[in-house]
Amino acid sequence: MMLKRVLVTDGMDASAIEKLRADGCEVVEQFYEPDALGPALRDFDAVIIRSATKIKEPQIDAAKGGRLRLIVRAGVGMDNIAIPYAEAAGIAVRNTPRASSNAVAELALALLFSCARNISIAGHTMRENKWEKKAYSKGFELSGKTAGIIGYGRIGRMVGDKCQALGMKVLSTVHRHRPEGCECETMKFVSMDELLAGSDVLILCAPGGDKALVDRESLGKMKDGVVIVNVSRGSNVDEGALLEALESGKVRAAGLDVWMSEKDPNWALAQHPAVSCTPHIGAGTREAQKRIGQELVDIVEGFAP
C-alpha cells in the first residue's frame with residue numbers, strides 16, 4: 001500500500017520532504033491544535049510529528065474511519081502518542097530511535113561541562129559587562145568523578161562512553177535486560193540506591209514514567225553538591241523539589257533541556273544562576289535532522305500495513 005498523503009505537523013528536514021514528494025507523496029506541512037487535529041487526520045494516510053503534537057485517544061477517535069494508517073514520531077520518546085490505543089484502531093506507530101541519539105548524548109555532555117565550569121552564568125554576566133572571574137573560578141573537573149546514568153539505552157550508552165573517555169566512572173541500573181558488553185572497570189550496573197548515593201553527577205536518559213526519578217525522596221539519597229542533567233523527559237524531574245535543592249545547596253547545579261511544560265516552563269528554575277538550560281534542543285543538529293529525515297523516508301517508503 002503506497003502512502004499517498006502525508007501530514008507533517010512539527011517540521012521535517014527539507015531534503016526528506018523533497019524525497020517523499022519525488023516518490024509521489026503529497027506532503028502537507030501544517031500544525032493543528034488538538035481539537036482540530038483528529039478530524040484532519042482522516043484525510044491523511046500518515047502523519048509525522050515531533051514533541052509538540054500529541055496524538056491521544058480523542059484524536060484517534062476522531063480519525064477512525066478515515067485514511068490514517070501510520071503515525072511516525074520523528075525522534076525517540078513516544079509518550080505523546082497513545083500507542084496501544086492507536087494500534088488497536090489499526091494505526092501503526094513508528095519512531096526514529098537511532099538518528100538523534102548522538103546529538104542528545106553530546107548535549108548532555110555540553111550541559112554537564114557548563115554546570116562544572118559555570119559557563120552559562122559566567123557568559124551571562126560577561127554580556128552584562130561584568131568581570132566575575134573570582135566568583136566563577138570555583139568549578140570542578142569531570143575526570144575522576146562518577147556519573148550515574150539512569151536509562152542505559154542507546155542514548156545512555158553513548159553518554160556513558162563519552163563520560164568514560166573523559167576519565168569518569170559510570171554507574172547505571174538495569175530494570176529489564178542487562179545490556180551486554182558494557183561492564184568494565186569504569187562501568188558498573190548497581191541498584192538505584194547505590195547509584196544515587198555514589199554519583200557525583202546524575203544524568204537522566206530514561207523514558208518518562210508515572211513518577212519523577214528526581215524528587216524529594218531520591219534527592220535525599222544523593223550526595224550533597226550533586227549535579228543533575230536531564231535530557232530525557234520533563235516529567236522525570238519534580239521541578240519544585242529541584243528548585244528547593246538548588247536553593248539549599250543540596251544540588252550544586254543542574255543542566256536541563258526538557259521541562260514539565262514547554263508552553264509555560266518553570267521560569268524560576270530556568271533563571272536560577274546554577275542552572276544551565278536549553279529549550280528542548282537535544283536532537284537539534286543539522287546532522288541529526290538529516291538522519292531523522294532519511295529514517296522517516298525509509299519508514300514511509302517501506303510501510304506495509
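Which residues does Asn 236 touch, not counting residues up to four places away in sequence? They are Leu 204, Ala 206, Pro 207, Gly 208, Gly 209, Ala 212, Leu 213, Val 214 and Asn 230. The model is predicted.

- Asn 236 sits in the loop between β10 (226–230) and α10 (239–248).
- Its relative accessible area is 1%. Asn 236 therefore counts as buried, the cut-off being under 20%.
- The side chain of Asn 236 reaches out to the backbone oxygen of Ala 206, at 2.9 Å.
- Ala 206 is also one of the residues that Asn 236 touches.

**Strands β4 and β5**

- Strand β4 covers residues 70–73, and strand β5 covers residues 92–95.
- The two strands pair in the parallel sense, over 4 bridges.
- In one of the pairings, Ile 71 has Val 93 in β5 as its bridge partner.
- From β4 the chain passes through helix α4 (residues 83–88) to reach β5. This β-α-β crossover is right-handed.

**Salt bridges: the overall count**

- The whole structure holds 16 salt bridges.
- Side chains of opposite charge can pair when their charged atoms come close.

**Asp 238 and Arg 216**

- The side chains of Asp 238 and Arg 216 form a salt bridge, at 3.4 Å from N to O.
- This pair links distant parts of the chain, 22 residues apart. Asp 238 lies in the loop between β10 and α10, while Arg 216 belongs to helix α9 (residues 216–220).
- Asp 238 is partly exposed, with a relative accessible area of 27%.
- Arg 216 is partly exposed at 49% relative accessibility.

**Glu 128 and Lys 130**

- Glu 128 and Lys 130 meet through their side chains in a salt bridge of 3.3 Å, N to O.
- Glu 128 has 37% relative accessibility and counts as partly exposed.
- Lys 130 has 39% relative accessibility and also counts as partly exposed.

**Lys 221 and Glu 217**

- Lys 221 forms a salt bridge with Glu 217. Their closest N and O atoms are 3.9 Å apart.
- Lys 221 is partly exposed, at 36% relative accessibility.

**A salt-bridge network**

- Salt bridges link Lys 19, Asp 23 and Glu 301 in a network.

Note on methods
Residues are numbered from 1 along each chain as its sequence is written. This is a predicted model: local features need pLDDT of at least 70, side-chain atom pairs count only at pLDDT 80 or more; totals for chains, interfaces and linings use all residues. Side-chain values use heavy atoms; hydrogens and water are left out. Two strands pair if DSSP finds at least two bridges between them. A crossover is right-handed if, with the strands pointing away from the viewer, the path from the first strand over the helix to the second runs clockwise. Buried means under 20% relative accessible area, exposed over 50%, partly exposed in between (1.4 Å probe, protein chains only). A polar contact is a pair of N or O atoms within 3.5 Å; within protein, one must be able to donate a hydrogen and the other to accept it, and residues adjacent in sequence count only if both atoms are side-chain atoms. Contact means heavy atoms within 4.5 Å. A salt bridge is a side-chain nitrogen of Lys or Arg within 4 Å of a carboxyl oxygen of Asp or Glu.
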